[in-house]
Amino acid sequence: MPQMHADPASAGLASATSDAVTLKVTGLRTHFRIGSTIAKAVDDVDLTVRQGKTLAVVGESGSGKSVTSLSIMRLLAPSATIVDGTMAFTRRDGTVVDLARAKNRVMRGIRGQEIAMIFQEPMTSLNPLYTVGDQIIEMIRLHETISRAEARGRARRMLELVEIASPERRLDDYPHSMSGGMRQRVMIALALACNPFLLIADEPTTALDVTIQAQILELLRRLQQEMGMSILFITHNLGVVAEIADDVAVMYAGKVVEQAPVNALFKAPRHPYTKGLIACIPDPARDRDAAGGRRLLSPIPGSVPSVTNLPKGCAYADRCPLVVAKCREESPPLIAVGALHSTRCWRHEDV
Ligand SMILES: Nc1ncnc2c1ncn2[C@@H]1O[C@H](COP(=O)(O)OP(=O)(O)OP(=O)(O)O)[C@@H](O)[C@H]1O
(Lines give C-alpha, C1' and ligand atoms only; values in the text may rest on other atoms or scores of the structure.)
Protein backbone atom coordinates (compact mmCIF):
# COMPACT_ATOMS: atom_id res chain seq x y z
CA MET A 1 0.00 0.00 0.00
CA PRO A 2 1.28 3.51 -0.74
CA GLN A 3 3.00 5.24 2.14
CA MET A 4 1.38 8.42 3.42
CA HIS A 5 2.35 11.23 5.73
CA ALA A 6 -0.07 13.61 7.35
CA ASP A 7 2.53 16.35 7.19
CA PRO A 8 4.30 16.47 3.83
CA ALA A 9 6.81 18.94 5.18
CA SER A 10 8.18 16.28 7.52
CA ALA A 11 7.77 13.34 5.15
CA GLY A 12 10.83 11.12 4.91
CA LEU A 13 11.80 9.09 1.87
CA ALA A 14 8.63 7.42 0.71
CA SER A 15 8.77 4.00 -0.84
CA ALA A 16 7.67 3.80 -4.45
CA THR A 17 7.64 0.65 -6.47
CA SER A 18 8.29 1.38 -10.12
CA ASP A 19 5.86 -1.23 -11.41
CA ALA A 20 2.92 0.06 -9.37
CA VAL A 21 0.63 2.33 -11.37
CA THR A 22 -0.97 5.49 -9.96
CA LEU A 23 -3.08 6.40 -12.98
CA LYS A 24 -3.99 4.37 -16.02
CA VAL A 25 -5.97 6.19 -18.69
CA THR A 26 -7.42 3.96 -21.39
CA GLY A 27 -9.29 5.02 -24.53
CA LEU A 28 -10.14 8.48 -23.18
CA ARG A 29 -12.29 10.58 -25.51
CA THR A 30 -13.22 14.13 -24.51
CA HIS A 31 -15.19 16.04 -27.11
CA PHE A 32 -16.45 19.62 -27.29
CA ARG A 33 -19.72 20.59 -28.89
CA ILE A 34 -19.52 23.94 -30.67
CA GLY A 35 -22.96 24.49 -32.26
CA SER A 36 -23.42 21.52 -34.55
CA THR A 37 -19.68 20.81 -34.75
CA ILE A 38 -17.87 18.24 -32.62
CA ALA A 39 -14.23 18.99 -31.70
CA LYS A 40 -12.47 15.75 -30.85
CA ALA A 41 -9.95 17.45 -28.55
CA VAL A 42 -8.98 14.15 -26.90
CA ASP A 43 -9.69 11.10 -28.96
CA ASP A 44 -8.52 7.70 -27.75
CA VAL A 45 -5.80 8.62 -25.29
CA ASP A 46 -3.92 5.94 -23.35
CA LEU A 47 -1.50 6.99 -20.58
CA THR A 48 0.21 5.25 -17.68
CA VAL A 49 1.64 7.16 -14.72
CA ARG A 50 3.80 4.85 -12.63
CA GLN A 51 3.92 5.31 -8.87
CA GLY A 52 6.60 7.74 -7.76
CA LYS A 53 7.54 8.48 -11.38
CA THR A 54 7.07 11.39 -13.76
CA LEU A 55 5.19 10.99 -17.00
CA ALA A 56 5.73 13.95 -19.31
CA VAL A 57 3.00 14.61 -21.84
CA VAL A 58 4.48 16.50 -24.76
CA GLY A 59 2.97 17.89 -27.95
CA GLU A 60 2.39 21.00 -30.02
CA SER A 61 -0.19 23.61 -29.07
CA GLY A 62 -3.72 22.24 -29.48
CA SER A 63 -2.69 18.57 -29.31
CA GLY A 64 -5.00 17.97 -26.32
CA LYS A 65 -2.57 18.02 -23.36
CA SER A 66 -4.57 20.43 -21.19
CA VAL A 67 -7.93 18.87 -22.04
CA THR A 68 -6.46 15.50 -20.97
CA SER A 69 -5.37 16.89 -17.59
CA LEU A 70 -8.66 18.73 -17.05
CA SER A 71 -10.49 15.48 -17.85
CA ILE A 72 -8.45 13.70 -15.16
CA MET A 73 -9.33 16.45 -12.65
CA ARG A 74 -12.92 16.56 -13.99
CA LEU A 75 -12.64 20.32 -14.33
CA LEU A 76 -13.82 20.55 -17.94
CA ALA A 77 -15.81 23.41 -19.46
CA PRO A 78 -19.56 22.69 -19.65
CA SER A 79 -19.30 22.30 -23.45
CA ALA A 80 -16.93 19.34 -23.01
CA THR A 81 -17.97 15.74 -22.36
CA ILE A 82 -15.99 12.64 -21.54
CA VAL A 83 -17.64 10.39 -24.10
CA ASP A 84 -15.59 7.25 -23.56
CA GLY A 85 -12.70 5.68 -21.70
CA THR A 86 -11.56 4.88 -18.19
CA MET A 87 -9.16 6.66 -15.85
CA ALA A 88 -8.20 4.17 -13.13
CA PHE A 89 -6.68 6.08 -10.21
CA THR A 90 -5.16 4.22 -7.25
CA ARG A 91 -6.15 6.12 -4.14
CA ARG A 92 -4.06 6.56 -1.02
CA ASP A 93 -5.86 3.68 0.67
CA GLY A 94 -5.02 1.37 -2.24
CA THR A 95 -8.55 1.29 -3.69
CA VAL A 96 -8.98 2.08 -7.39
CA VAL A 97 -11.53 4.59 -8.65
CA ASP A 98 -12.50 5.33 -12.26
CA LEU A 99 -12.25 9.13 -12.44
CA ALA A 100 -14.36 9.12 -15.62
CA ARG A 101 -17.35 7.85 -13.64
CA ALA A 102 -16.68 8.94 -10.04
CA LYS A 103 -19.48 10.95 -8.42
CA ASN A 104 -18.85 14.69 -7.99
CA ARG A 105 -18.77 14.18 -4.21
CA VAL A 106 -15.93 11.64 -4.58
CA MET A 107 -14.07 13.98 -6.96
CA ARG A 108 -14.27 16.82 -4.43
CA GLY A 109 -12.53 14.55 -1.91
CA ILE A 110 -9.86 13.57 -4.44
CA ARG A 111 -9.10 17.04 -5.87
CA GLY A 112 -6.56 18.94 -3.80
CA GLN A 113 -6.10 16.03 -1.38
CA GLU A 114 -5.03 13.15 -3.60
CA ILE A 115 -4.59 14.85 -6.97
CA ALA A 116 -3.31 18.43 -7.05
CA MET A 117 -2.59 20.65 -10.02
CA ILE A 118 -0.19 23.50 -10.74
CA PHE A 119 -0.47 25.79 -13.74
CA GLN A 120 1.77 27.92 -15.94
CA GLU A 121 0.49 31.13 -14.39
CA PRO A 122 0.51 31.03 -10.56
CA MET A 123 -1.95 33.94 -10.38
CA THR A 124 -4.67 31.65 -11.77
CA SER A 125 -4.44 29.71 -8.47
CA LEU A 126 -3.33 32.40 -6.03
CA ASN A 127 -5.82 34.94 -4.77
CA PRO A 128 -4.28 38.45 -4.91
CA LEU A 129 -6.42 39.59 -1.95
CA TYR A 130 -5.01 37.15 0.62
CA THR A 131 -1.53 36.61 2.01
CA VAL A 132 0.23 33.45 0.84
CA GLY A 133 0.16 32.19 4.44
CA ASP A 134 -3.62 32.55 4.67
CA GLN A 135 -4.05 30.70 1.38
CA ILE A 136 -1.91 27.74 2.44
CA ILE A 137 -3.55 27.64 5.90
CA GLU A 138 -6.99 27.74 4.28
CA MET A 139 -6.06 24.87 1.96
CA ILE A 140 -4.78 22.72 4.85
CA ARG A 141 -7.84 23.44 7.02
CA LEU A 142 -10.20 22.70 4.15
CA HIS A 143 -9.00 19.12 4.20
CA GLU A 144 -7.95 18.55 7.80
CA THR A 145 -9.35 19.51 11.19
CA ILE A 146 -6.34 21.17 12.80
CA SER A 147 -6.02 24.48 14.65
CA ARG A 148 -5.03 27.67 12.83
CA ALA A 149 -1.76 27.82 14.78
CA GLU A 150 -0.88 24.26 13.78
CA ALA A 151 -1.83 24.98 10.17
CA ARG A 152 0.35 28.12 10.22
CA GLY A 153 3.29 26.04 11.46
CA ARG A 154 2.68 23.58 8.63
CA ALA A 155 2.40 26.45 6.10
CA ARG A 156 5.76 27.80 7.26
CA ARG A 157 7.35 24.37 6.85
CA MET A 158 5.80 24.15 3.37
CA LEU A 159 7.51 27.42 2.38
CA GLU A 160 10.77 26.03 3.78
CA LEU A 161 10.25 22.87 1.78
CA VAL A 162 9.99 24.86 -1.47
CA GLU A 163 13.15 26.75 -0.48
CA ILE A 164 11.68 30.18 0.19
CA ALA A 165 14.00 32.19 2.42
CA SER A 166 12.62 33.78 5.65
CA PRO A 167 9.44 31.67 5.46
CA GLU A 168 7.90 33.07 8.67
CA ARG A 169 8.03 36.60 7.25
CA ARG A 170 6.96 35.50 3.76
CA LEU A 171 3.75 33.98 5.13
CA ASP A 172 2.41 37.50 5.56
CA ASP A 173 3.31 38.64 2.03
CA TYR A 174 0.78 39.07 -0.76
CA PRO A 175 1.43 37.20 -4.04
CA HIS A 176 1.98 40.41 -6.05
CA SER A 177 4.98 41.35 -3.91
CA MET A 178 6.79 38.18 -5.00
CA SER A 179 8.80 37.38 -8.16
CA GLY A 180 7.39 34.97 -10.76
CA GLY A 181 9.72 32.17 -9.62
CA MET A 182 8.79 32.67 -5.99
CA ARG A 183 5.07 32.68 -6.81
CA GLN A 184 5.56 29.39 -8.64
CA ARG A 185 7.21 28.00 -5.48
CA VAL A 186 4.23 29.19 -3.41
CA MET A 187 1.86 27.49 -5.83
CA ILE A 188 3.86 24.25 -5.47
CA ALA A 189 3.67 24.63 -1.67
CA LEU A 190 -0.08 25.14 -1.95
CA ALA A 191 -0.48 22.09 -4.20
CA LEU A 192 1.66 19.89 -1.95
CA ALA A 193 0.19 21.09 1.37
CA CYS A 194 -2.11 18.07 1.53
CA ASN A 195 0.52 15.60 0.34
CA PRO A 196 -1.12 14.62 -2.97
CA PHE A 197 -0.50 11.23 -4.42
CA LEU A 198 -0.51 12.61 -7.98
CA LEU A 199 0.61 16.09 -9.02
CA ILE A 200 -0.49 17.40 -12.41
CA ALA A 201 1.85 20.16 -13.56
CA ASP A 202 0.60 22.01 -16.66
CA GLU A 203 3.54 23.91 -18.22
CA PRO A 204 4.65 25.12 -14.76
CA THR A 205 7.97 26.54 -15.95
CA THR A 206 7.07 27.94 -19.39
CA ALA A 207 6.67 31.54 -18.23
CA LEU A 208 9.96 31.55 -16.28
CA ASP A 209 13.43 32.38 -17.49
CA VAL A 210 15.79 29.48 -18.10
CA THR A 211 17.70 29.65 -14.80
CA ILE A 212 14.56 29.85 -12.64
CA GLN A 213 13.00 27.11 -14.80
CA ALA A 214 15.92 24.79 -14.01
CA GLN A 215 15.59 25.58 -10.28
CA ILE A 216 11.87 24.78 -10.27
CA LEU A 217 12.44 21.48 -12.13
CA GLU A 218 15.15 20.57 -9.63
CA LEU A 219 12.80 21.44 -6.76
CA LEU A 220 10.01 19.26 -8.18
CA ARG A 221 12.43 16.37 -8.61
CA ARG A 222 13.64 16.65 -5.01
CA LEU A 223 10.11 16.93 -3.62
CA GLN A 224 9.07 13.91 -5.64
CA GLN A 225 11.89 11.85 -4.18
CA GLU A 226 11.09 12.97 -0.65
CA MET A 227 7.34 12.57 -0.88
CA GLY A 228 7.10 9.65 -3.30
CA MET A 229 4.35 11.28 -5.38
CA SER A 230 3.67 10.63 -9.05
CA ILE A 231 3.79 13.55 -11.49
CA LEU A 232 2.00 14.12 -14.78
CA PHE A 233 4.03 16.91 -16.36
CA ILE A 234 2.59 18.71 -19.37
CA THR A 235 4.95 20.57 -21.65
CA HIS A 236 5.61 21.46 -25.27
CA ASN A 237 9.35 21.45 -24.60
CA LEU A 238 11.33 18.24 -25.18
CA GLY A 239 14.35 19.81 -23.47
CA VAL A 240 12.30 20.00 -20.26
CA VAL A 241 11.15 16.41 -20.82
CA ALA A 242 14.75 15.23 -20.85
CA GLU A 243 15.29 17.01 -17.51
CA ILE A 244 12.29 15.76 -15.60
CA ALA A 245 10.65 12.67 -17.10
CA ASP A 246 10.89 8.96 -16.40
CA ASP A 247 8.31 8.21 -19.10
CA VAL A 248 7.06 10.28 -22.02
CA ALA A 249 3.76 10.34 -23.90
CA VAL A 250 3.79 12.25 -27.19
CA MET A 251 0.42 13.70 -28.19
CA TYR A 252 -0.68 14.67 -31.66
CA ALA A 253 -4.17 15.86 -32.70
CA GLY A 254 -5.89 14.44 -29.61
CA LYS A 255 -4.10 11.08 -29.56
CA VAL A 256 -1.05 9.68 -27.81
CA VAL A 257 1.10 8.65 -30.76
CA GLU A 258 4.00 7.26 -28.72
CA GLN A 259 4.67 6.41 -25.07
CA ALA A 260 8.03 5.15 -23.82
CA PRO A 261 10.57 5.42 -21.00
CA VAL A 262 12.51 8.65 -21.57
CA ASN A 263 15.80 7.02 -22.66
CA ALA A 264 14.11 4.75 -25.18
CA LEU A 265 12.17 7.66 -26.61
CA PHE A 266 15.23 9.83 -27.20
CA LYS A 267 17.50 7.00 -28.35
CA ALA A 268 15.08 5.08 -30.52
CA PRO A 269 11.86 6.99 -31.29
CA ARG A 270 9.37 4.78 -33.11
CA HIS A 271 7.04 7.45 -34.46
CA PRO A 272 8.06 9.89 -37.22
CA TYR A 273 6.44 12.76 -35.29
CA THR A 274 8.57 12.07 -32.20
CA LYS A 275 11.62 11.88 -34.43
CA GLY A 276 10.64 15.23 -35.97
CA LEU A 277 10.23 16.83 -32.54
CA ILE A 278 13.62 15.56 -31.39
CA ALA A 279 15.21 17.03 -34.51
CA CYS A 280 13.73 20.42 -33.49
CA ILE A 281 15.50 20.54 -30.11
CA PRO A 282 18.04 23.34 -30.37
CA ASP A 283 21.58 21.96 -30.28
CA PRO A 284 24.12 24.81 -30.35
CA ALA A 285 26.88 22.58 -31.76
CA ARG A 286 24.72 21.19 -34.55
CA ASP A 287 22.59 24.21 -35.29
CA ARG A 288 25.18 26.90 -35.95
CA ASP A 289 26.40 27.38 -39.46
CA ALA A 290 30.04 28.21 -39.75
CA ALA A 291 29.50 31.43 -41.70
CA GLY A 292 27.12 33.52 -39.63
CA GLY A 293 26.72 31.61 -36.39
CA ARG A 294 23.00 31.56 -37.20
CA ARG A 295 20.80 28.85 -35.76
CA LEU A 296 19.44 26.39 -38.28
CA LEU A 297 16.42 24.85 -36.62
CA SER A 298 14.48 22.21 -38.47
CA PRO A 299 10.82 22.65 -37.58
CA ILE A 300 8.46 20.00 -38.91
CA PRO A 301 6.83 21.35 -42.10
CA GLY A 302 3.04 21.72 -42.08
CA SER A 303 0.63 22.07 -39.16
CA VAL A 304 -1.63 19.97 -36.92
CA PRO A 305 -5.03 19.26 -38.55
CA SER A 306 -8.10 20.78 -36.92
CA VAL A 307 -9.74 18.53 -34.32
CA THR A 308 -13.11 19.45 -35.87
CA ASN A 309 -12.06 17.90 -39.16
CA LEU A 310 -9.66 15.03 -38.57
CA PRO A 311 -8.67 12.84 -41.53
CA LYS A 312 -9.85 9.24 -41.83
CA GLY A 313 -6.39 7.70 -41.43
CA CYS A 314 -3.33 8.84 -39.44
CA ALA A 315 -3.60 12.56 -38.50
CA TYR A 316 0.17 12.95 -39.11
CA ALA A 317 0.05 11.56 -42.67
CA ASP A 318 0.21 14.96 -44.42
CA ARG A 319 3.44 15.89 -42.61
CA CYS A 320 5.03 12.45 -42.53
CA PRO A 321 8.11 11.60 -44.60
CA LEU A 322 7.25 7.87 -44.40
CA VAL A 323 3.60 8.11 -45.48
CA VAL A 324 2.13 5.25 -47.58
CA ALA A 325 -1.42 4.69 -48.88
CA LYS A 326 -2.50 2.65 -45.83
CA CYS A 327 -1.72 5.62 -43.54
CA ARG A 328 -4.41 7.70 -45.27
CA GLU A 329 -6.94 4.89 -45.13
CA GLU A 330 -6.69 3.53 -41.62
CA SER A 331 -5.78 5.14 -38.31
CA PRO A 332 -3.07 2.97 -36.70
CA PRO A 333 -3.75 1.46 -33.25
CA LEU A 334 -1.22 1.71 -30.42
CA ILE A 335 1.31 -1.01 -31.19
CA ALA A 336 3.66 -2.39 -28.50
CA VAL A 337 7.25 -2.12 -29.74
CA GLY A 338 9.20 -2.77 -26.52
CA ALA A 339 9.02 -2.84 -22.73
CA LEU A 340 6.62 0.01 -21.80
CA HIS A 341 7.07 1.34 -25.36
CA SER A 342 4.19 1.73 -27.81
CA THR A 343 3.59 3.70 -31.00
CA ARG A 344 0.73 4.53 -33.36
CA CYS A 345 2.52 4.11 -36.66
CA TRP A 346 2.12 1.61 -39.47
CA ARG A 347 5.73 2.26 -40.47
CA HIS A 348 7.25 1.98 -36.99
CA GLU A 349 9.84 -0.55 -38.15
CA ASP A 350 11.21 1.99 -40.64
CA VAL A 351 11.37 5.04 -38.33
N1 LIG B 1 -13.44 25.37 -24.23
C2 LIG B 1 -13.17 24.84 -25.44
N3 LIG B 1 -14.11 24.84 -26.42
C4 LIG B 1 -13.84 24.29 -27.61
N5 LIG B 1 -12.69 23.71 -27.95
C6 LIG B 1 -11.72 23.68 -27.03
C7 LIG B 1 -11.90 24.24 -25.72
N8 LIG B 1 -10.76 24.04 -25.01
C9 LIG B 1 -9.91 23.41 -25.86
N10 LIG B 1 -10.49 23.19 -27.05
C11 LIG B 1 -9.88 22.54 -28.21
O12 LIG B 1 -9.30 21.35 -27.81
C13 LIG B 1 -8.07 21.11 -28.48
C14 LIG B 1 -7.01 20.73 -27.50
O15 LIG B 1 -6.74 21.85 -26.66
P16 LIG B 1 -5.70 21.78 -25.45
O17 LIG B 1 -5.82 23.06 -24.71
O18 LIG B 1 -5.87 20.53 -24.69
O19 LIG B 1 -4.32 21.72 -26.22
P20 LIG B 1 -2.86 21.79 -25.58
O21 LIG B 1 -2.11 20.66 -26.19
O22 LIG B 1 -2.94 21.84 -24.11
O23 LIG B 1 -2.34 23.15 -26.17
P24 LIG B 1 -1.44 24.29 -25.47
O25 LIG B 1 -0.05 23.74 -25.45
O26 LIG B 1 -1.60 25.44 -26.41
O27 LIG B 1 -2.03 24.54 -24.12
C28 LIG B 1 -7.74 22.39 -29.26
O29 LIG B 1 -7.97 22.16 -30.62
C30 LIG B 1 -8.71 23.40 -28.73
O31 LIG B 1 -9.13 24.25 -29.75
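Which residue takes a positive phi in the hairpin of S11 and S12? In this hairpin, which has two residues between the strands, Leu340 is the residue with a positive phi, near 60 degrees. Helices (H or I, at least four residues) and strands (E, at least two) are DSSP runs here, numbered from the N terminus. The structure is a predicted model, in which local features need pLDDT of at least 70 and side-chain atom pairs count only at pLDDT 80 or more, while totals for chains, interfaces and linings use all residues. Residues are numbered from 1 along each chain as its sequence is written.

Strand S11 (residues 335–338) pairs with strand S12 (residues 341–343) in the antiparallel sense, over three bridges; two strands are said to pair if DSSP finds at least two bridges between them. Ala336 faces Ser342 of S12 across this pairing.

The overall fold comes next. Twelve helices and twelve strands make up the secondary structure of the chain. The radius of gyration is 21 Å, close to the 20 Å that the globule rule gives for 351 residues, so the chain is as compact as a globular protein of that length. For this comparison the radius is taken over C-alpha atoms, and the rule is 2.2 Å times the number of residues to the power 0.38. The C-alpha trace spans about 70 × 55 × 45 Å along its principal axes. Of the 351 residues, 42% are buried. A residue is called buried if 20 or more other C-beta atoms lie within 10 Å of its own, exposed if 12 or fewer, and partly exposed in between, with C-beta atoms placed from the backbone. Among the contacts with a separation of 6 or more, 65% link residues 24 or more positions apart; a contact requires C-beta atoms, placed from the backbone, within 7 Å.

Strand S3 (residues 54–58) runs parallel to S8 and is joined to it by five bridges, with Ala56 having Phe233 as its bridge partner. Strand S7 (residues 198–202) is likewise parallel to S8 and joined to it by five bridges, and here Ala201 stands opposite Phe233. From S7 the chain passes through helix H7 (residues 210–227) to S8 in a right-handed β-α-β crossover; right-handed means that, with the strands pointing away from the viewer, the path from the first strand over the helix to the second runs clockwise.

Met251 lies in strand S9 (residues 247–252) and is buried, with 27 other C-beta atoms within 10 Å. Leaving aside neighbours within four places in sequence, Met251 is in contact with Val57, Gly59, Ser63, Gly64, Lys65 and Val256. Ser63 sits in the loop between S3 and H1 and counts as buried, with 26 C-beta neighbours inside 10 Å. Beyond residues up to four places away in sequence, Ser63 touches Met251, Tyr252, Ala253 and Val304.

The ligand has 16 residues around it, of which Ala41, Ser61, Lys65, Ser66 and Val67 come nearest; a residue is near a molecule if its C-beta atom, placed from the backbone, lies within 6 Å of it. Strand S1 (21–34), strand S2 (37–50) and helix H1 (65–73) each supply at least two residues of this shell, and H1 gives the most, with three. The shell divides into seven nonpolar, eight polar and one charged residue. In this count Ala, Val, Leu, Ile, Met, Phe, Trp, Tyr, Cys and Pro are nonpolar, Asp, Glu, Lys and Arg are charged, and the others, Gly among them, are polar.

Backbone angles close the description. Most residues other than glycine have a negative phi. Arg74, in the loop between H1 and strand S4 (80–90), has a positive phi near 55 degrees and is partly exposed, with 18 C-beta neighbours inside 10 Å. Glu163 has a positive phi near 60 degrees and lies in the loop between helix H4 (148–161) and helix H5 (167–170). With 16 other C-beta atoms within 10 Å, Glu163 is partly exposed.

Conventions. Two residues are in contact if their C-beta atoms, placed from the backbone, lie within 7 Å.
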